[in-house]
Amino acid sequence: MKKKFIFIIGIALLMSYSCQKGQLYPPLPTSISNQGGVAFSTPARINAQVLGLYAALRTGQIYGGRFQIYNDVKADNWINSTANSITAYQTWTETVTSTSSEVLNLWSNCYTAINDCNLFIDGMKTYGTTVVGSTLAANYIAEAQFVRALAYYALLDMYCVPYSSGSSPAVPLRLTGNSAYGNFNLAPASITQVYAQVIADLNAAETGLPISYGTDAVSNTIRASRNTAIAFKTRVYLAMGQYASVITEANKIVSATAPFTATSGVAYALQAKIANVFAPPYTTTESIFSEPFTTVETAGTQNQLASYFNSVGSTEFYINTSSTLFTDAGWKATDARRGFISVSAKTGHSSLTKWPLGSPYLDWATVMRYSEVLLNLAEARSLSVGPTDPQAVALLNAVRQRSDPTTVFVTATQAQILEERNIEFLGEGLRWADLLREGLPIPAKGSVPAVAVGGYGTSYIWPMSGNEEQYNPLIGR
């Protein structure tokens, strides 16, 4: 009897230890596909997830810095000064491979943002709508669709041939959230299909997003509203060469005559001085979408725009004063935008001071400005109606004369508009995108020779991520 009693106590102790061990070592959260909808159980938790979607996009590896940097240094306006393979040196030399850090990191961070959006959209449809109501749920889902569209656009911009090669493979089109290990092999969708998804997401976002965030200028700048989605459609349609659609979208947020403004929703308009856009509080009427930073939320080491382009950091790059931009006699010395260029006492080279703050680099990263929408519309009208179209000329003059009132254009040719874009958006990540969509070679820069237009397997287009090739045998090229 005594032995039996001891045996029962032993079993009880083992059971007690087992229960306590279960508390010490709970099942991994990633092994539970949706955790019973806990993340969608309260309005506060849902709102936190929405903000988290923007955080995934804001990472320094995408729109917090690196995406803009890659687009600029891949083109011709910059000279590398450090030969640091971690800080876009291979992008500058046009020698990236599938295992280069920039190729791996942009790809993985874009798909992380995409998967976050997919999981959120799936969860809202299953759990969240009943918690926050159909109107707010539609707003939130639209924000996720906007973020997903921007992530896919970044992939199209760096890893894919232009839209004109519509049947060519692009990237895997993942629209369902992955929350546990499984077989996620997926062949690339075509260029046409991925662009169509980006437009579909932006169309849905336009419908579902709030008209604005009222007088909350910060939210109007760092979160998507209806006009934000419309503005980005002008960028994407321009990349697709669908000029009629650029005009249709731009007309929603650009008045017919100067001064050009958005007359409903967030009231976009050019600033009187371009310098205002790049100064605190970074929430001007021109700031369509920007990525904010604080002392506790920075872009991260070696991701910051100022660190790459300004002498306040490691000055990874300096301005190529031999590029066609700086040899253009039409860009006058009195143009206010030349005020962003200064010769560094530290290096003797010319730096860009649009982002002037040093460590911890709290300048907001510019993603899209209203002046881009105006030039998108000007180019679309020039190519559809003709270079003497009065509105195209007026739009081009509006951007130029804001910084250089002494220049008056009488035509708005595509070449003039592309040059204006090159001046206006120096350092903001549009130069490579313009070369790509127009099928233009990359001009020579420093020791790097010109790069002819090419497709997959050439130095013109980035290769696919080596990690994706390793774990997804259906990826192809």
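Residues are taken as buried when their relative accessible area is under 20%, and by this criterion helix H3 (residues 66-73) of the predicted model is mostly covered, with 8 of its 8 residues buried. The buried residues of H3 are Arg66, Phe67, Gln68, Ile69, Tyr70, Asn71, Asp72 and Val73, a set in which Arg66 and Asp72 count as charged. Across the protein, buried residues make up 54% of the 477 residues.

The protein has 16 helices and 6 strands. Its radius of gyration is 25 Å, close to the 23 Å that the globule rule gives for 477 residues, so the protein is as compact as a globular protein of that length. Taken along the principal axes, the box filled by the C-alpha atoms is roughly 105 × 50 × 45 Å.

Charged side chains were examined next. Side chains of opposite charge can pair when their charged atoms come close. The count comes to 28 salt bridges in the predicted model. One of these joins the side chains of Glu206 and Lys252, with an N to O distance of 3.0 Å. This pair links distant parts of the chain, since Glu206 belongs to helix H7 (residues 191-208) and Lys252 to helix H10 (residues 243-253), 46 residues apart. The two partners can be described by their accessibility: Glu206 counts as buried because its relative accessibility is 16%, under the 20% limit, whereas Lys252, with a relative accessible area of 34%, is partly exposed.

A further salt bridge is formed by the side chains of Arg337 and Glu424, at 2.7 Å from N to O. This pair, too, links distant parts of the chain, with Arg337 in the loop between strand E3 (317-319) and strand E4 (341-343) and Glu424 in helix H14 (residues 414-424), 87 residues apart. Arg337 and Glu424 are both buried. The side chains of Asp404 and Arg400 meet in a salt bridge with an N to O distance of 3.8 Å, and both of these residues are likewise buried. Arg337, Glu424, Asp404 and Arg400 are among the members of a network of salt bridges, which also includes Glu286, Asp335, Lys354, Arg369, Arg402, Glu420 and Glu428.

Cysteine pairing was considered separately. A disulfide is a covalent bond between the sulfur atoms of two cysteines.

Rolling a probe the size of a water molecule over the atoms shows where empty space is left. The count comes to 7 cavities of 30 Å³ or more, and the largest cavity has a volume of about 140 Å³. This largest cavity is lined by 17 residues, of which Tyr153, Arg235, Ala239, Ala433 and Arg437 lie nearest its centre. Two or more lining residues are given by each of helix H6 (134-159), helix H9 (226-240), helix H12 (370-384) and helix H15 (431-437), and the largest share, 4 residues, comes from H15. By class, the lining of the largest cavity consists of 10 nonpolar, 1 polar and 6 charged residues.

Among the open spaces, the second largest pocket holds about 190 Å³. Its lining is made up of Leu51, Tyr54, Ala55, Arg58, Ile222, Arg223, Pro292, Phe293, Thr294, Glu297 and Trp364. Helix H2 (residues 43-58) gives the most to this lining, with 4 residues. The lining of the second largest pocket divides into 7 nonpolar, 1 polar and 3 charged residues.

Terms used
Residues are numbered from 1 along each chain as its sequence is written. This is a predicted model: local features need pLDDT of at least 70, side-chain atom pairs count only at pLDDT 80 or more; totals for chains, interfaces and linings use all residues. Side-chain values use heavy atoms; hydrogens and water are left out. On a 1 Å grid over the protein atoms alone, a cavity is a set of points where a 1.4 Å probe fits but cannot get out, and a pocket is an open set with protein on both sides within 12 Å along at least five of seven lines; lining residues have an atom within 4 Å of a point. Grid points are joined across faces, edges and corners, and a volume is the space filled by probe spheres set on the points. A salt bridge is a side-chain nitrogen of Lys or Arg within 4 Å of a carboxyl oxygen of Asp or Glu. Buried means under 20% relative accessible area, exposed over 50%, partly exposed in between (1.4 Å probe, protein chains only). The radius of gyration is taken over C-alpha atoms; the globule rule is 2.2 Å times the number of residues to the power 0.38.
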